[in-house]
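Good morning, and thank you for coming.

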Amino acid sequence: MVESMDTHDHNNSKKRALLVLNCILLTLGSCGGPMLGRLYFLHGGKRVWFSSCLLTASWPVILIPITINYYMQRRDSTPSSPTKPKLFSIKPPIFLAAAVIGVLTGLDDYLYAYGVARLPVSTSSLIIASQLAFTAGFAFLLVKQKFTSYSINAVFLLTIGAGVLALHTTNDRPNNESNKQYMLGFLMTLAAAVLYGFVLPLIELTYKNVKQKLTYSLVMEIQLVISFFATALCTIGMLINKDFQAIGREAKEYELGEAKYYVVVVVNSLTWQCFFMGSIGVIFCTSSLLSGILIAVLLPITEVLAVIFYSEKFQAEKGVSLALSIWGFVSYFYGEIKHSKTKEKEATQDNEMPQLSGRRSMIV
């Protein structure tokens, strides 16, 4: 009994550590990705399909942890082991599901990259926060997500906070950009939020329907397939738009210099891979709703970074949106802490009941 409890505690500790790691990756990607993506466009970058491809183009990096895990399993396996470790364990049905999600992700990447090309970072980040409402709705429909009054309040506040930006949006329109271009960027970013709000619960649904043991190694394989197909879709777009022929010329004309152009491109791609690994890792450890909430509540950091580094305007609408977002963040995690304490209290009472009944029987 004690040994099983120790094993359970050990597994919980490992899962918490994994959750923390993925939250860090998600934070790096959520804050760094939009900043570097905007940096590409601010100093002479113009290729939207190329920018969207960068979001998942560093998928080969995922092969490193998958390979390390494979060799560690081989080292720990014995000749009497019932199954031999494999480099890839993903089965065809899961591969197909991940491929479909990958195509949807590639489309979402294009919608997002188009918005980033037209909007200030602070505005696009706050619009993306509206995806939480769509994540919550699709999570309810696809995975029967249970809601508390605190989580409902958080979703409501974060969604309203993003919606406030629709008021007087053209006040922060970049120079040399028409109202039509700005509004199209706004709508494309909103469409990206809707689509990714659907993708997150779809990933969780895929996890729930896995007909094999769901491990973090398998999660990485799923992300590898998603990123590969997303990159393939964006690569087709680049071929049609003749982006490959333009990259060399664009690098030479880049305002920060040719070398820095490639640095921005590579670091941007790696940063976004951190985002995707972090988001699916959080789903693996908890739920798609928490992943969506973390993405939404990280926007205050992106807001501050955009104001500091890009001298973007911080109007009253953004201040209201920011306050509502922080309020929603506090509401959600207060509810989660309260819920976990209630569960711990109930578990303690359940453990004490057999002991009390045992003592009574001894007295009798």
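Is F228 buried or exposed, or does it fall in between? F228 is partly exposed, with a relative accessible area of 39%; in this talk, buried means under 20% relative accessible area, exposed means over 50%, and partly exposed lies in between, with a 1.4 Å probe and protein chains only.

Let me state the conventions. This is a predicted model, in which local features need pLDDT of at least 70 and side-chain atom pairs count only at pLDDT 80 or more, while totals for chains, interfaces and linings use all residues. Residues are numbered from 1 along each chain as its sequence is written, and side-chain values use heavy atoms, with hydrogens and water left out.

I turn to the overall architecture. The chain has 14 helices and 0 strands, where helices (H or I, at least four residues) and strands (E, at least two) are DSSP runs numbered from the N terminus. Of the 364 residues in the chain, 47% are buried. The accessible surface comes to about 18,800 Å², and carbon and sulfur atoms hold 66% of that surface; the areas come from the Shrake-Rupley method with a 1.4 Å probe, and for residues only the protein chains shown count as cover. Among contacts with a separation of 6 or more, 85% join residues 24 or more positions apart, a contact being heavy atoms within 4.5 Å.

The UniProt record, an unreviewed entry, lists under "transmembrane region" several spans, including 93–113 and 261–285. Its positions are given in the numbering used here, feature names are shortened, and annotations may be inferred rather than shown by experiment. In the model, residues 93–113 are 100% helix and 0% strand, with end C-alpha atoms 30 Å apart. For residues 261–285, also 100% helix and 0% strand, the end C-alpha atoms lie 36 Å apart.

Next, the aromatic residues. Rings of Phe, Tyr and Trp (its six-membered ring) pair if their centres lie within 6.5 Å; planes under 30 degrees apart count as stacked, over 60 as edge-to-face, and the rest as tilted. By this rule there are 18 aromatic pairs. One of them joins F228 and F229 edge-to-face, at 5.4 Å centre to centre and with 85° between the planes. F229 counts as partly exposed, because its relative accessibility is 24%. Another edge-to-face pair is formed by W272 and F275, at 5.3 Å centre to centre and 80° between the planes. These two are separated by about one helical turn, because they stand 3 residues apart in helix α11 (residues 258–285). Both W272 and F275 are buried. One aromatic cluster consists of Y40, F41, F50, Y254, Y261 and Y262. There is also a charge over a ring: the charged end of R118 sits over Y114, 5.1 Å from the ring centre. The criterion there is NZ of Lys or CZ of Arg within 6 Å of the ring centre and within 35 degrees of the ring normal.

What does the largest nonpolar core contain? The core has 77 residues, and those with the most contacts inside it are F50, I203, Y207, I222 and Y261. The largest contribution, 12 residues, comes from α11. By definition, such a core is a set of buried Ala, Val, Leu, Ile, Met, Phe, Trp, Tyr and Cys residues joined through side-chain atoms within 4.5 Å. Leaving aside neighbours within four places in sequence, I222 is in contact with I90, I94, A98 and Y207.

I close with some individual positions. A251 lies in helix α10 and counts as buried, because its relative accessibility is 0%. Its C-alpha atom is 5.7 Å from that of Y261, 10 residues away along the chain. Not counting residues up to four places away in sequence, A251 touches G257, E258, Y261 and Y262.

K242 is placed in the loop between α9 (216–241) and α10 (243–253). Its phi is near 60°, a positive value in a residue other than glycine. K242 is exposed, because its relative accessible area is 55%.

R38, in helix α1 (residues 2–42), is buried at 7% relative accessibility. R38 and N268 are 230 residues apart in sequence, and 9.9 Å apart in space from C-alpha to C-alpha.

Finally, L290 belongs to helix α12 (residues 288–297) and is buried at 10% relative accessibility. Leaving aside neighbours within four places in sequence, L290 is in contact with V282, Y332 and F333.
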